[in-house]
Amino acid sequence: MEKISVIMPVYNAEKFIRQSINSILTQTHRNIEIILVDDGSKDLSGKICDEYSKIDSRIKVIHKENGGSSSARNMALDVATGKYIMFIDADDFYENNSCELLYNEIEKTQADYVIGNYFHTNYKGEKWKKPVFDFDNYNGFKLEINNYEKSFFIMNTIIWNKIYRKDFIQKNNLRFIDSDIAEDAVFSTYCYVHTDKCYFINDIVYNYRQNQLNTSVSTSCTKHYFEKLNTSYKLIFKNFETTNNLSFYRLLCARMLPYLLCKIIDSNALNNNQTIEVLEMLNWFFEQKELYGVVIINDRLNQIIEYINNKDYMEAIYKIKETKKYRMQISDIEKQKMYSPNEELYRKMLNR
């Protein structure tokens, strides 16, 4: 049984970190090392990490000055000794057999990495009714970048529902960019365009906690945030452009464009002038809707993007404010549906 290095960046996560660490310690796959990187936490997170390191020798704790989750993960990658790498965020949690399920598949297939199914949960950790990937529609299979219809829906831009072969990471000199905004998306898309051996299993391996009432989104999405996001999105585009995979990229845009726009809509950290500056900066990305025939299923978002592409920014701002009021009145699940394309949308794009 080979060792898995589980990497967790930690910053001000005292409310949830015990549940997260406990979910790793109780794994049925016992040969693991847990690397907790305290990224300059100002609450009790660092002390909780030290407390756990005294309980279980498999835990390594690194304390560092605050530099963001990218630097924390990169530091952990430098000291990881496992044959395989997994990531977890300090407010999320595993199923008790997550490591075993992913380990068995990557050993069996000799894949570069393996993707698992997962649940969204609310702030209290209560799971949504359905997993992200429908049990009836998706069984285990090998992903192929040219298999747009089947593989695309599974290929997501997150890192924590996966297990990676460490030598695959090393061979490709993979590191997290110094951005901390969509850095996992840059990492994930690079992996996808450089692998020919990636598999999916339908077992639940992760539980992703949704932020309460979107409060952090509304206050943290500043102009600086969108500048960093812009840098990451350009790198993601480059990942697909340089490997001649823009046909696949257009499908990714169907997910990224509405997600980005909802971030702008939900932000309370931008005044009108700053919103215009953000829309001008990201205009190149919104233009890809027409360049690549991207379909956006939500009419409200479509109209805003049309204003942005026509550089009619004041009309776009008016519609953004109107949509913000609407989003404040609907549930978190309905909010997510606005920027989460369904399979019908992807099939519509494939048939165009």
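Predicted model: local features only at pLDDT ≥ 70, side-chain atom pairs only at ≥ 80, totals over all residues.

User: Why is α7 called roughly parallel to α9?

Analyst: The axes of α7 (residues 183–193) and α9 (residues 223–241) cross at roughly 5°. Angles under 35 degrees count as roughly parallel, and therefore α7 is described as roughly parallel to α9. The two axes come within 9 Å.

User: Which residues make the contact between α7 and α9?

Analyst: Helix α7 contributes Glu 183, Ala 185, Val 186, Thr 189, Tyr 190 and Val 193. From α9 come Ser 232, Leu 235, Ile 236, Asn 239 and Phe 240. By class, this contact has seven nonpolar, three polar and one charged residues.

User: What makes β3 and β6 the edges of the sheet?

Analyst: The open sheet has eight strands in the order β3-β2-β1-β4-β7-β5-β8-β6, with mixed pairing. β3 (59–64) and β6 (141–143) each have a single partner strand, so one side of each lacks a neighbour in the sheet. On average, neighbouring strands are turned by 35° against each other, direction ignored.

User: How do you know that β2 pairs with β3?

Analyst: Pairing requires at least two bridges between two strands. Six bridges join β2 (residues 32–39) to β3, and the two strands run parallel.

User: Which strands does helix α3 touch?

Analyst: Helix α3 (residues 69–79) packs on the sheet and touches β1 (4–10), β2, β3 and β4 (84–87). The direction of α3 makes about 145° with that of β2.

Notes:
Residues numbered from 1 in each chain as written. Heavy atoms only, no water. Axes fitted to C-alpha atoms, helices over the stretch in contact; angles between N-to-C directions. Helix = DSSP H or I, 4+ residues; strand = E, 2+ residues; numbered from the N terminus. Parallel < 35°, antiparallel > 145°, perpendicular 65-115°, else oblique. Contact = heavy atoms within 4.5 Å. Nonpolar A, V, L, I, M, F, W, Y, C, P; charged D, E, K, R; others polar.
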